[in-house]
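Please read the following report alongside the sequence and the coordinates. The account begins with the ligand and then turns to a strand, the core and a loop.

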Amino acid sequence: MTTKCLVRGSINIDEYFHVKSISRPGETISSFGFESRPGGKGANQAVAIAKAGGSVDFIGIVGPNGRWLINELHSHGVGIDKMVIVEVQNTMTRLSPVLHHAANHIELPPPTPGSLEGFTHLLLQNEIPLKSTVEYLSAAHKLGIITIMNPSPLLTAEQTREFPWRKLSWLIVNEGEARDLLASVGEPRSVDTIELVLPPEGAPEDLIAVRSAHMIGSKLVSHPKFKSINIVCTLGSVGLVAFVSLAQGVGKMALYLPAAKLDGPVVDTTGAGDCFTGYFVSGLMGLKQSHKEDLIGAAGICVQRRGTIDSIPLREEVVV
Ligand SMILES: Nc1ncnc2c1ncn2[C@@H]1O[C@H](COP(=O)(O)OP(=O)(O)OP(=O)(O)O)[C@@H](O)[C@H]1O
């Protein structure tokens with residue numbers, strides 16, 4: 001079966017000033033370099049799917065200053081026919097390290113069943129208005145499309161309680177996000193016993209991180225709100241713990257996958273999560289030669305390079 005993913009999410013301009021120190025309020029400092037790069041979790045993750053060899057379209061909004069972002073997505077192999085250009089509002093620009101969270105007032109109309117035709121997977125994050133995310137999730141769920149969400153930045157406690165989690169097939173969170181989700185919905189009455197299938201290897205601190213993620217994740221997947229979802233909890237350099245239902249009606253298994261062993265120093269971890277998510281979704285899409293080693297290998301390469309979209313490796317570069 002041919003698979004195709006739609007990513008509905010954020011795209012923006014990340015502006016980097018290279019400085020020797022961060023300025024204090026009122027202080028002017030010199031910058032010895034400046035660059036504008038495409039950013040936004042939606043765009044990053046769509047590019048990661050394309051670099052992993054998946055067929056992917058992106059739907060998002062850019063303003064007149066952001067037309068070049070569309071070309072950039074296209075150059076990485078992301079389908080851009082669904083992109084919307086609005087003339088009345090510029091694309092959000094984020095300064096790094098100073099983040100400017102401009103409110104985005106422009107919203108896309110809800111999807112029609114036709115707008116999801118041909119897609120087998122939908123990938124969402126939380127950098128666009130939540131209303132649109134929920135509309136796309138609901139429409140995809142109705143059509144039996146596999147739905148994946150990386151809820152970053154995290155929803156508020158109230159949003160978490162109201163969000164239709166049961167419409168999601170997969171949830172990808174880091175440990176902090178898993179803890180916050182649990183804090184928002186409250187502990188489950190009883191916790192299903194979920195044995196770790198693979199014993200954690202490595203340093204004692206890794207063992208502690210894996211046990212802690214196992215405990216939080218077990219509570220999350222035992223909670224009525226999240227019971228039907230497969231959950232992946234990423235742990236940075238330690239790897240990940242996944243809670244997966246291998247067949248319908250069968251309880252979940254917990255799997256531990258260590259992070260890639262790096263052959264060089266960690267240069268920049270920005271975008272590691274997006275790289276991981278894109279490669280993970282490409283694995284769900286059943287791409288040929290997708291192995292679990294690919295996704296941890298891809299994220300391992302990503303942290304050894306600077307940048308976000310540029311640091312995501314092509315599948316050919318990922319050593320299996
Ligand atoms: N230092 C590292 N060494 C090796 N692999 C790493 C490292 N940091 C992250 N990874 C890989 O990337 C995956 C995702 O990382 P992490 O848990 O930090 O996600 P995140 O918090 O969503 O990331 P981001 O900082 O991009 O938001 C990990 O499961 C791991 O495979």
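The ligand is surrounded by 21 residues, the closest being Asn174, Thr234, Ser237, Gly273 and Ala299, where a residue counts as near a molecule if its C-beta atom, placed from the backbone, lies within 6 Å of it. This is a predicted model, in which local features need pLDDT of at least 70 and side-chain atom pairs count only at pLDDT 80 or more, while totals for chains, interfaces and linings use all residues. Residues are numbered from 1 along each chain as its sequence is written.

By class, the shell around the ligand holds 11 nonpolar, 9 polar and 1 charged residues; here Ala, Val, Leu, Ile, Met, Phe, Trp, Tyr, Cys and Pro count as nonpolar, Asp, Glu, Lys and Arg as charged, and the others, Gly among them, as polar. At least two residues of this shell come from each of β12 (239–245), α7 (272–284) and α8 (292–302), and α7 supplies the largest share, with 4 residues. Helices (H or I, at least four residues) and strands (E, at least two) are DSSP runs, numbered from the N terminus.

Strand β11 (residues 230–234) has 5 of its 5 residues buried, a residue being buried if 20 or more other C-beta atoms lie within 10 Å of its own, exposed if 12 or fewer, and partly exposed in between, with C-beta atoms placed from the backbone. Asn230, Val232 and Thr234 lie on one side of β11 and Ile231 and Cys233 on the other, and both faces are covered. The table gives the pairings of β11, where two strands pair if DSSP finds at least two bridges between them.

| Strands | Bridges | Direction |
|---|---|---|
| β10 (residues 170–174) and β11 | 5 bridges | parallel |
| β11 and β12 | 4 bridges | antiparallel |

Val173 has Cys233 in β11 as its bridge partner, and Val232 is bridged to Ala242 in β12. The hairpin formed by β11 and β12 has 4 residues between the strands, and Gly236 in the turn has a positive phi of about 55°.

The largest nonpolar core contains 78 residues, of which Ala46 and Ala299 touch the most other members; such a core is a set of buried Ala, Val, Leu, Ile, Met, Phe, Trp, Tyr and Cys residues joined through C-beta atoms within 7 Å.

Ile145 is found in the loop between α3 (130–142) and β9 (146–149), and it counts as partly exposed because it has 19 C-beta neighbours inside 10 Å. The C-alpha atoms of Ile145 and Lys4, which are 141 residues apart along the chain, are separated by 10 Å.
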